[in-house]
Amino acid sequence: MPNVPRYRQIAEHYLQAIRAEALQPGDRLPSLRELMQLHGVSLSTALQVCRLLESDGWAEARERSGYFVTRPRRLKIVPMDEPATDRAPDPAQFVGIHEKVSSFVTQRRAHAVHLNLSTARGAPALYPAEAMRNAVTRALRQHPELLTQATPSRERTPFREAVAQRAVRVGMALSPEEVLPTHGCIEALNLALRAVAQPGDTVAVESPTFYGLLQVLETLGMRALEIPTSPQTGLSIDALELAIGAYRDIKAVVVVPHLQNPLGSVMPDAHKARLAALCEQHGIALIEDDTYSELLDAPAPARALKSFDRSGNVIHCASLHKVLAPGLRLGWIHAGRWHARVEMLKYAQSRSNEALAQWAAGGFMASGAYDRHLKQLRASLRTQRERTAEAVAQHFPPGTRLNLPPGGLQLWVELPGQLSSAAVFDAALREHILVAPGTLFSNTTRCDHYVRINCGLPWTPALEAGLRRLGEIVCSQHAAGPARAAA
């Protein structure tokens, strides 16, 4: 870096150490004298290093103590408002979602995408490919019949045992026989909904929610009733109570209590307990999508919503798709009092999952390597989320809002001035950048000025340039005005 001032080179050295978490918030940085000796620079240069880190928010000066690492001050960006929860949901939201999703997929396939910010999963490099490959080889070596012998539906596999064992950490007590493997969480949700509701029934969901769930409900002929959801604490239980009073045919509630997609909200334990009790009181099945909890930055595992269940009224669904092996499509369901029904529906729908994935994944999950992987994955995602949020704050126009979630794979960004996310999607796609427009995440128009941005990509100059260009596109659309941008 011959053209970069020496003090900036040294500051970048320490910044890389902070981002790699070799230096943690609260750690003391070298003193001015130590910087001079370590790097062979003058007092003036050493002071410039510390002042640059301080001005960028990575260090703070403490009187008579020196400089200490601090979490960077977020560039000024306003958090999102809480949703209104004092009125029953509008029945107009029962319209379908398939047309929106089909249009999104068709447009995506018609363009070459150089930067895909639309997904909610990590890059392949974030997952333990070599370790999983070894786990598959080991499983086949120990059990060569796995590829040539059908899997009994009730076989006690290492995967079922590992899931049951890890469930204890989040407050659930279940036997391996109660863990029913599925083809990802999406099949688990399909089975849960089919077990508790019929075509024409109403199912309460978070708003916004993952568009895949809206597709499932439409495919099953069920009606999605959207409940306002806080970007901080998740589904509004007050609003759900109003909805229960207004709609007598609600058969189920589907929630993502930890790192909700797309908001990133985390439901407090008190809310989980209240929600479980409310649904039990009204005879409404409660379906928990727990796909993201292993990505939560927290000192201890978060209690599952299922752990507050007292009557088998909560159905717990999860998968390894986001946390370990996206290519396996391996999930599971613990169906409570609907276990026998779900077991038969699974048999009719897709038969048993293949055994090889269960033996390989189960063996890895039972080892200490799984928790080491999760710790490293959470650290990588935390850095990527923070840097992505900084890029949004720096490059998007004033009035942009977001909440930085305590974990997970995405940011939910509110565009200023009711700017059309469809217009941003179209303009970005023309420049080979793909984002997920907010129109996908609701049957109503309330999310049309939001976009979901993936944080699962490792930080590179190309990613930084892409986010900068996306910000320029949003600024251009914003300057054009809502009428022209939506045209």
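Colleague: Which residue of β9 is the bridge partner of Val 255?

Modeller: Glu 288 is the partner of Val 255. Keep in mind that this is a predicted model.

Colleague: What makes β8 and β9 a pair?

Modeller: Pairing takes at least two bridges between the strands. Strand β8, residues 250-255, and β9 have four bridges, in the parallel sense. So they count as paired.

Colleague: Why is β9 called mostly covered?

Modeller: Buried means under 20% relative accessible area. In β9, residues 285-289, five of five residues are buried.

Colleague: Which residues cover the two sides of that count?

Modeller: On one side of β9, Ala 285, Ile 287 and Asp 289 are buried. On the other, Leu 286 and Glu 288 are buried too. Both faces are covered.

Colleague: How many helices and strands does the chain have?

Modeller: It has 16 helices and 16 strands.

Colleague: What makes the chain as compact as a globular protein of that length?

Modeller: The globule rule gives 23 Å for 487 residues. The radius of gyration is 24 Å, close to that, so the chain is as compact as a globular protein of its length. Its C-alpha atoms fill a box of roughly 75 × 60 × 45 Å along the principal axes.

Colleague: What share of the 487 residues is buried?

Modeller: Buried residues make up 54%.

Colleague: What share of contacts between residues at least 6 apart joins residues at least 24 apart in sequence?

Modeller: That share is 75%. A contact here needs heavy atoms within 4.5 Å.

Colleague: How far apart are the mean positions of the positive and negative charges?

Modeller: They are 4 Å apart, for 53 positive and 46 negative charges.

Methods
Residues are numbered from 1 along each chain as its sequence is written. This is a predicted model: local features need pLDDT of at least 70, side-chain atom pairs count only at pLDDT 80 or more; totals for chains, interfaces and linings use all residues. Side-chain values use heavy atoms; hydrogens and water are left out. The radius of gyration is taken over C-alpha atoms; the globule rule is 2.2 Å times the number of residues to the power 0.38. Buried means under 20% relative accessible area, exposed over 50%, partly exposed in between (1.4 Å probe, protein chains only). Lys and Arg count as positive and Asp and Glu as negative; His and the chain ends are not counted. The place of a charge is taken as NZ of Lys, CZ of Arg, CG of Asp or CD of Glu.
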